[in-house]
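Here is a short report for a reader who is new to this structure. Please look over the sequence and the model before reading on.

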Amino acid sequence: MLEIGSVIDGKYKILNEVGHGGMSVVYLAMNEKANKQWAVKEVRKDGKQNFEVVKQGLIVETDLLKKLRHPSLPSIIDVIDDKDSFLIVMDYIEGNPLSNALEEYGAQPQDMVIAWAKQLCDVLGYLHAQSPPIIYRDMKPSNVMLKPDGNITLIDFGTAREFKEKNLADTVCLGTIGYAAPEQFGGMGQTDARTDIYCLGATLYHLVTGQNPSEPPYEIRPIRQINPALSGGLERIIQKCTQRNPEDRYQSCAELMYALEHYDEIDEVYRKKQKKKLGAFLISLSLAVACTGTSLWGYLGGEKKKSENYDEILKGASDYQDYYKAILTDSTRKEAYEELNDALTSDLILTKEEGQQLLQLQIGLDEKDSKGFLKKQDVLAELKSSNPEGYQEVCYEIGDSFLFFYDVNVDRDRYNSAKKWFQEAVDEYPIAQIYCDIADCLELINQYDNAKVKQTDKMYDAYKQLWDKVQELKSTADKFQDVDARLQVWTEINDMLNAQVVPFLEVTSADELKNLLNDIMKETGEVHKSVIAQEVEELQQKIAETVQKIDSVQKEAETS
């Protein structure tokens with residue numbers, strides 16, 4: 001085991017142990033030079049377990065996490081392999097596992113459990129949407145960290161695997177008894193997305209009842225047998241998640257998410273109330289109610305069918321028209337918007353044609369009415385009205401794509417295109433407001449530059465404001481947990497300074513410019529040995545070139 005106070009790799013000082021499991025020990029470490037805390041996961045080659053299996057799990061964990069970007073997943077910083085152990089340095093997630101809450105307080109409040117369930121469903125859906133899908137396989141309270149802000153982070157990917165379509169069964173049986181689905185222990189084919197749905201159902205059972213399914217009698221009973229005050233709707237959801245046959249479970253996280261968002265409508269109490277209302281109405285107006293009842297059940301059936309159609313369209317989507325079709329099927333769900341955006345930027349380039357396909361969402365999508373005539377459907381307005389939080393998330397992600405991937409030669413065009421989306425997301429994403437302000441600065445600079453009479457004073461003020469926003473952007477990006485996101489913003493800052501060294505030197509000193517760039521260089525050094533070392537090295541090289549350019553321009557100005 002690592003010694004408290006020891007320093008590994010010359011920079012990570014071990015402070016204390018924060019957790020351990022059957023495969024590893026996790027420590028809190030401090031990079032004293034950067035004054036930043038990290039988590040260090042140690043797996044020793046001590047021969048107590050089949051190390052090849054453990055090693056494979058570590059390789060899977062690092063390989064998977066380095067390509068994932070989700071607010072509920074940690075980022076890997078370093079991977080260190082020495083003669084005694086494997087060490088993985090990753091984001092330190094402040095908070096405690098949900099298992100601690102269970103040990104201290106027992107069963108958790110139903111509303112909180114449902115809120116956590118939605119977050120877990122969202123992150124599992126993200127993993128399953130990868131190509132190939134990633135199956136987590138070890139959902140349980142001890143692998144879910146509850147942060148101080150109430151959000152959760154999924155940790156420990158040692159048992160995760162990529163789904164292989166032609167495999168008949170898993171080669172290694174991994175998971176935790178009680179939470180693991182039957183197929184994880186052989187004889188029922190390979191694990192897939194429905195396996196994670198089972199594990200999530202078992203986890204929800206433990207959280208809402210306080211009964212541990214991994215302890216005798218190893219069963220998952222109807223939750224209202226344990227606590228009659230619990231929701232019948234949630235009981236039905238957990239029972240469906242934990243069916244032995246995968247075909248009897250929810251078939252996707254999207255389907256499960258829909259159920260979680262409408263659990264009160266599934267509730268038996270809700271159904272009884274509806275029946276009482278229906279009975280009273282039948283007494284006064286039986287014929288009318290019969291028609292209304294038919295319409296009601298027809299509507300509910302239609303909604304269920306709409307959800308199934310939506311999921312089916314998304315599952316087979318291959319081009320933007322398919323995503324449009326899914327959006328028109330149900331414009332109030334955010335998944336199709338996000339998957340359209342992801343598909344268009346999968347190659348890290350958003351062409352002008354692809355940009356138009358995203359901008360079409362703001363214009364409206366064409367839909368045929370009952371007479372066969374085309375009409376515009378304002379899908380974004382419908383999403384905003386029914387799902388404001390999802391609307392802002394969609395707008396931010398699309399704005400991000402225009403800012404960082406839009407294939408145009410003029411920075412002003414990138415920022416103006418991104419601003420159309422960012423301005424709708426400023427309430428939830430403070431950095432979106434900074435991007436909007438930068439877009440305004442660039443637009444003013446362009447106007448003053450093209451004016452018939454040179455407006456030097458106004459141009460100076462615009463660049464001064466732009467410099468202030470660049471510093472604000474740097475400060476905001478430094479708080480990101482996601483390493484890729486920080487690198488993206490740092491690269492953008494460097495490129496902007498490099499392209500406009502001369503005007504920036506008009507509004508600030510060369511030392512100020514270089515200090516900001518040196519700060520970025522120092523922070524990139526903290527991730528230099530991580531799995532994204534190539535991107536870090538490329539940025540460091542660009543920063544060095546920009547610093548050299550600043551020195552050159554300053555020297556030229558001093559000699560002229």
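Are helix 3 and helix 4 roughly parallel or roughly antiparallel to each other? Helix 3 and helix 4 are roughly antiparallel, a term for angles over 145 degrees, while under 35 degrees counts as roughly parallel, 65 to 115 as roughly perpendicular and the rest as oblique.

**The model as a whole**

This is a predicted model, in which local features need pLDDT of at least 70, side-chain atom pairs count only at pLDDT 80 or more, and totals for chains, interfaces and linings use all residues. Residues are numbered from 1 along each chain as its sequence is written, and side-chain values use heavy atoms, with hydrogens and water left out.

The protein has a mean pLDDT of 82, where pLDDT is the predictor's confidence in each residue, from 0 to 100. A pLDDT of 70 or more is reached by 80% of its residues. A contact means heavy atoms within 4.5 Å. Residues 280-304 also stay under 50, with seven contacts beyond four places in sequence.

The secondary structure comes to 22 helices and 13 strands. These are DSSP runs numbered from the N terminus: helices (H or I) of at least four residues, strands (E) of at least two. Of the 560 residues, 46% count as buried. Buried means under 20% relative accessible area, exposed over 50%, and partly exposed in between (1.4 Å probe, protein chains only). Among contacts between residues at least 6 apart in sequence, 59% join residues at least 24 apart.

**Helix 4 and its partner**

Helix 4 has 17 residues. From first C-alpha to last it reaches 25 Å, close to the expected 24 Å; the expected span is 1.5 Å times one less than the number of residues. Because 17 of its 17 residues are buried, helix 4 is largely enclosed by the rest of the structure. Glycine 210 follows helix 4, and its phi is positive, near 80 degrees.

Two helix pairs are set out below. Axes are lines fitted to C-alpha atoms, for helices over the stretch in contact, and angles run from 0 to 180 degrees between N-to-C directions.

| Helix pair | Angle | Axis distance |
|---|---|---|
| Helix 3 (residues 110-128) and helix 4 | about 165 degrees | 11 Å |
| Helix 14 (residues 379-386) and helix 15 (residues 388-405) | about 130 degrees | 5 Å |

Residues of helix 3 that meet helix 4 include Trp116, Leu120 and Leu124. On the helix 4 side, Leu200, Leu204 and Leu207 are among them.

Helix 14 and helix 15 are oblique to each other.

Leucine 466 lies in helix 18 (residues 456-477). At 0% relative accessibility, leucine 466 counts as buried. Leucine 466 touches Ile438, Cys441, Leu442, Ile445, Met496 and Phe504, leaving out residues up to four places away in sequence. The C-alpha atoms of leucine 466 and leucine 442 are separated by 7.8 Å, though the two are 24 residues apart along the chain.

Serine 75 sits in the loop between helix 1 (51-65) and strand 5 (76-81). Serine 75 is buried, with a relative accessible area of 10%. Beyond residues up to four places away in sequence, serine 75 touches Met90, Asp91, Gln481, Asp482 and Val483.
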